[in-house]
Amino acid sequence: QVQLVQSGGGSVQAGGSMKLSCAASGYTYSNYCMGWFRHATGKEREGGAAVYIGGGRQYYVNSVKGRFTMSQDNAKNALFPQMNSLKAEDIAMYYCVADLAGRRCGGSWWRAYEYKYWGQGTQVTVSS
């Protein structure tokens with residue numbers, strides 16, 4: 001059974017940093033597209049970032065470029081979103097996503113339908 005297990009999240013002051021983690025298990029592909037989405041109250045779900053596990057470019061939504069990054073641990077099938085210079089507009093539930101179909105992230109990386117598997121979500125709150 002495929003699982004994406006998330007950890008991290010919580011509350012941080014504006015301008016601070018936070019690191020999330022997502023570990024995937026229960027599948028056979030070693031290369032796949034993985035990333036994260038976020039959903040803020042009253043707003044549409046937003047594709048935040050994606051990367052091809054196995055080597056490839058990273059994609060970021062404009063609102064987080066220059067502030068958020070991602071690192072990987074391919075041996076543990078894990079992704080670590082690093083969020084810096086957090087703002088009030090970053091407050092949301094963050095979801096780890098993966099397609100696990102062996103495909104590279106493409107031009108639609110930011111569309112929810114590209115990802116079959118979703119983590120349980122973790123809340124990120126930014127206080128002023």
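A residue counts as buried under 20% relative accessible area, as exposed over 50%, and as partly exposed in between. The model discussed here is predicted.

Q: Is W118 buried, exposed or partly exposed?
A: The relative accessible area of W118 is 26%. Buried requires under 20% and exposed requires over 50%. W118 falls between these limits, so the class of W118 is partly exposed.

Q: How many residues apart are W36 and Y94, which form a pair?
A: The structure holds six aromatic pairs. One of them joins W36 and Y94, with 5.3 Å centre to centre and 40° between the planes, and is tilted. W36 belongs to strand β5 (residues 32–39) and Y94 to strand β10 (residues 92–98), and the pair links distant parts of the chain, 58 residues apart.

Q: Are W36 and Y94 buried or exposed?
A: The relative accessibility of W36 is 4%, and that of Y94 is 1%. The limit for burial is under 20%.

Q: Is the ring pair of F37 and W118 stacked, edge-to-face or tilted?
A: The ring centres of F37 and W118 are 5.1 Å apart, and their planes meet at 50°. Stacked planes are under 30 degrees apart and edge-to-face planes over 60, with the rest counted as tilted. The angle for F37 and W118 lies between these limits, so the pair is tilted.

Q: How many residues apart in the chain are F37 and W118?
A: F37 is in strand β5, while W118 is in strand β11 (residues 117–118). Their pair links distant parts of the chain, and the separation is 81 residues.

Q: Over which ring does the charged end of K19 sit?
A: A charge over a ring has to be within 6 Å of the ring centre. The charged end of K19 is 5.1 Å from the centre of the ring of F80. The ring asked for is that of F80.

Q: Which parts of the chain does the disulfide of C22 and C96 tie together?
A: The sulfur atoms of C22 and C96 are joined, S to S 1.9 Å, and the link is left-handed, with -75° about the S-S bond. The two cysteines are 74 residues apart in sequence, and because of where each one lies, the parts tied together are strand β4 (residues 21–25) and strand β10.

Q: Is the disulfide of C33 and C105 left-handed or right-handed?
A: C33 and C105 have their sulfur atoms 2.1 Å apart. The torsion about their S-S bond is about 110°, so the disulfide is right-handed.

Q: What pattern do the disulfides of the protein follow?
A: There are two disulfides in the structure. They join C22 to C96 and C33 to C105. With bonded cysteines counted along the chain, the pattern is 1-3, 2-4.

Q: Which residues of the largest nonpolar core touch the most other members?
A: The largest nonpolar core has 39 residues. Elements giving two or more residues to this core include β4, β5, β9 (78–83) and β10. The residues touching the most other members are Y32, M34, M83 and Y94.

Conventions:
Residues numbered from 1 in each chain as written. Predicted model: local features only at pLDDT ≥ 70, side-chain atom pairs only at ≥ 80, totals over all residues. Heavy atoms only, no water. Phe/Tyr/Trp six-rings, centres within 6.5 Å; stacked < 30°, edge-to-face > 60°. Helix = DSSP H or I, 4+ residues; strand = E, 2+ residues; numbered from the N terminus. Buried < 20%, exposed > 50% of the residue type's maximum accessible area, 1.4 Å probe, protein only. Lys NZ or Arg CZ within 6 Å of the ring centre and 35° of its normal. Disulfide = S-S within 2.5 Å. Core = buried A, V, L, I, M, F, W, Y, C linked by side-chain atoms within 4.5 Å.
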